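User: I would like to learn how to read a sheet. Can you take me through one?
Analyst: Gladly. Here is the structure.

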Amino acid sequence: MIIDGKNYSGLCSCGREHAMTTEFCVVESGCLKDIEKYTDKYKLSGYSVAIYDENTYRAEGLVRPRADKEIILPAKDLHADNHGVALAMAEIPEETGYLIAVGSGTVHDITRYCAYTKGIDFVSCPTAASVDGFCSSVAAMTWDGAKKTLTAVAPKIVVADLDVIAKAPIRLALSGMGDMIGKYVALTEWRIGKILKGEYFCDRIYDMTLSATDDVIKSADGVKRGDPDAFAKLTYGLLMSGLAMQMLGNSRCASGAEHHLSHFIEMKPEGFAERSDALHGEKVGVCTLIVYREYLRLAAMRSPELRDYPLIGEEEIYPMFGEALSAQIKDENSKDAAGGIKAEELEAAWGDIAALFEELPTLESLEAIYRELGIKSTLEDIEVDEKKIPMMLDFAPFVRNRLTLLRLRRMIVNK
């Protein structure tokens, strides 16, 4: 499979001109062997640095792309955070012309942020179909303890070798499935933003993300069987989700309340005595089902009692997020995305919002896919107490200032 970035840039029927940093993606068996052909074609020159973690570097059968220098980061406790970036930046020579990320999500977020900081290009070499961020122009980072989406840089080219991806532990592919299934929530919430706030919306970006998600769902059984074509479709879907984020300029089309619950867990707030070492996509997959169930419950309320949107106050933030995180959470919510929405506005739109959920796959069909593939589906699967769901639903919206139904849930009296 070849993706030509030029096909996704330029003036769109939505009225905006979409920018695309990624010029080329190849998803084929053995393509890592030809990486120099692609770097030459797309004029990537100068001193090259490849970044790995220890596990990826030692992976059996991995074709390591030629580079002038290799940086091997410690796999233990490696995260996309201040520390991970500092480890990489300390090893990147001043004269570096471009970086090569070889690995899964964490290595890519570290590399894209380093490339952005240094003002240089980077090449993406995914080694597992584990996340949708390979083509993203933002980095999901834990910065000073808070989960943030930071400006970074998208790869100029992507070289996704299916021989490598198909040999990765199946757990990583199932994580990618979980990340993609979450798009059903994110896309629906984007439409809610359009209905209630007149938020910018692009039908083309919406359609390409939804189509990629649907195709990944259709490939689910093949991933379980180890079918190379299914891994190709999953990888393609993950890349398309990232390209959609590039076109949009943010993660609105790919990240909603399901990600906010996941980020809430990852931030380890003081009032939430739970920890999880699950992969990002595993957490997103579990949180998608939690959000799905809650949204279906809310949508079934044909005439809920509503109040004007209550702005998030410091008295709510501090007891949960404590000294370490409260200032950042307060700043994140200083211009509340739902601020100013009146009860009568939500009441008037409630029927249209509830109808959106009738267009989604049924909860039962998604639960069946989770069971058949063995995707983590409960908080217990990621070592979090199921009794904490109400707390997560109440406080996760504070993590990201984005209009979601979970944030609007604050308007429902006796919810």
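Analyst: Start with pairing: two strands count as a pair if DSSP finds at least two bridges between them. Keep in mind that this model is predicted. Now take strand 7 (residues 96–103) and strand 8 (residues 121–126): six bridges join them, and they run parallel.

User: Which residue of strand 8 is the bridge partner of Tyr 98?
Analyst: Asp 121 is the partner of Tyr 98.

User: What joins strand 8 to strand 11?
Analyst: Two bridges do, and these strands also run parallel. Look at Val 123: opposite this residue, in strand 11, stands Ile 157.

User: In what order do the strands lie across the sheet?
Analyst: The order is 1-4-11-8-7-5-6. That makes seven strands in an open sheet, with mixed pairing. The edges are strand 1 (2–4) and strand 6 (69–73), and each pairs on one side only. From one strand to the next, the twist averages 15°.

User: Why is strand 8 largely enclosed by the rest of the structure?
Analyst: Buried means under 20% relative accessible area. Five of the six residues of strand 8 are buried, so the rest of the structure largely encloses this strand.

User: Through which helix does the chain cross from strand 7 to strand 8?
Analyst: The chain passes through helix 4 (residues 105–118). This β-α-β crossover is right-handed.

Key:
Residues numbered from 1 in each chain as written. Predicted model: local features only at pLDDT ≥ 70, side-chain atom pairs only at ≥ 80, totals over all residues. Heavy atoms only, no water. Helix = DSSP H or I, 4+ residues; strand = E, 2+ residues; numbered from the N terminus. Axes fitted to C-alpha atoms, helices over the stretch in contact; angles between N-to-C directions. Buried < 20%, exposed > 50% of the residue type's maximum accessible area, 1.4 Å probe, protein only. Right-handed = clockwise from strand over helix to strand, strands pointing away.
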